[in-house]
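Please have the sequence and the structure at hand while reading.

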Amino acid sequence: MEPTIYESLGGQDGVLELARAWHRRCLADPVVSHAFSHGFHPHHDERLAAYWAEALGGPTAYSGVLGDQSEVTRMHSGNGEHADMDRRALDCFEGALDDIGITDERLRETLMTWFAWAIERMGDYHDSAARVPEGMSMQRWSWDGPVS
């Protein structure tokens, strides 16, 4: 059986390393850092890694303990459109893949496609967080794309 993206990334340790690398790059970016200017949870990287792990075929630690897709989407909604910030966040993600030594082309391409899709989904309610429906299922991704 083919390993999941989560497993191919190195499991929880690999996902956490990626989340930390991405967050470092975001904080250093003059545009993306604005998203964190109000502060962030002291365990942001661990929480982000739990969410990413679940999205990429890992354990359900995020939805089992921390929240659901509606809450995550709501956190990222109501801030208007920000295409430049989204593009730069994607650039930070690609740089984070470099930082942690992800060289496998299939894995890189899959992760980049997933992250671009996830950014787009987070912008579905850019006009109002109040419009985010309750009970959204977690967004999951496989080697073949979104999992319904």
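## Helices H2 and H3

In this predicted model, Gln-12, Val-15, Leu-16, Leu-18, Ala-19, Arg-20, Trp-22 and His-23 of H2 are in contact (heavy atoms within 4.5 Å) with His-44, Asp-45, Glu-46, Leu-48, Ala-49, Ala-50, Trp-52 and Ala-53 of H3. Sorted by class, this contact of H2 with H3 holds 10 nonpolar, 3 polar and 3 charged residues, where Ala, Val, Leu, Ile, Met, Phe, Trp, Tyr, Cys and Pro count as nonpolar, Asp, Glu, Lys and Arg as charged, and the others, Gly among them, as polar.

The axes of helix H2 (residues 11–28) and H3 come within 8 Å and cross at roughly 125 degrees, which makes H2 oblique to H3. Angles under 35 degrees count as roughly parallel, over 145 as roughly antiparallel, 65 to 115 as roughly perpendicular and the rest as oblique.

## Helix H3 itself

H3 is mostly covered, with 10 of its 12 residues buried, where buried means under 20% relative accessible area, exposed over 50% and partly exposed in between, for a 1.4 Å probe and protein chains only. The buried residues include Leu-48, Tyr-51, Trp-52 and Glu-54. Just after H3, Gly-57 takes a positive phi of about 100 degrees.

## Helices H6 and H7

Helix H6 (residues 83–99) packs against helix H7 (residues 105–122) at an angle of about 155 degrees, their axes being 10 Å apart, and the two are therefore roughly antiparallel to each other. Among the residues that meet are Asp-86, Leu-90, Phe-93 and Glu-94 in H6, and Arg-108, Leu-111, Trp-114 and Phe-115 in H7. By class, the contact of H6 with H7 has 10 nonpolar, no polar and 4 charged residues.

Arg-108, which is found in helix H7, counts as buried because its relative accessibility is 12%. Neighbours within four places in sequence set aside, Arg-108 is in contact with Glu-94, Leu-97, Asp-98, Ile-102 and Thr-103.

## Basis of the values

Residues are numbered from 1 along each chain as its sequence is written, and side-chain values use heavy atoms, with hydrogens and water left out. As the model is predicted, local features need pLDDT of at least 70 and side-chain atom pairs count only at pLDDT 80 or more, while totals for chains, interfaces and linings use all residues. Helices (H or I, at least four residues) are DSSP runs, numbered from the N terminus. Axes are lines fitted to C-alpha atoms, for helices over the stretch in contact, and angles run from 0 to 180 degrees between N-to-C directions.
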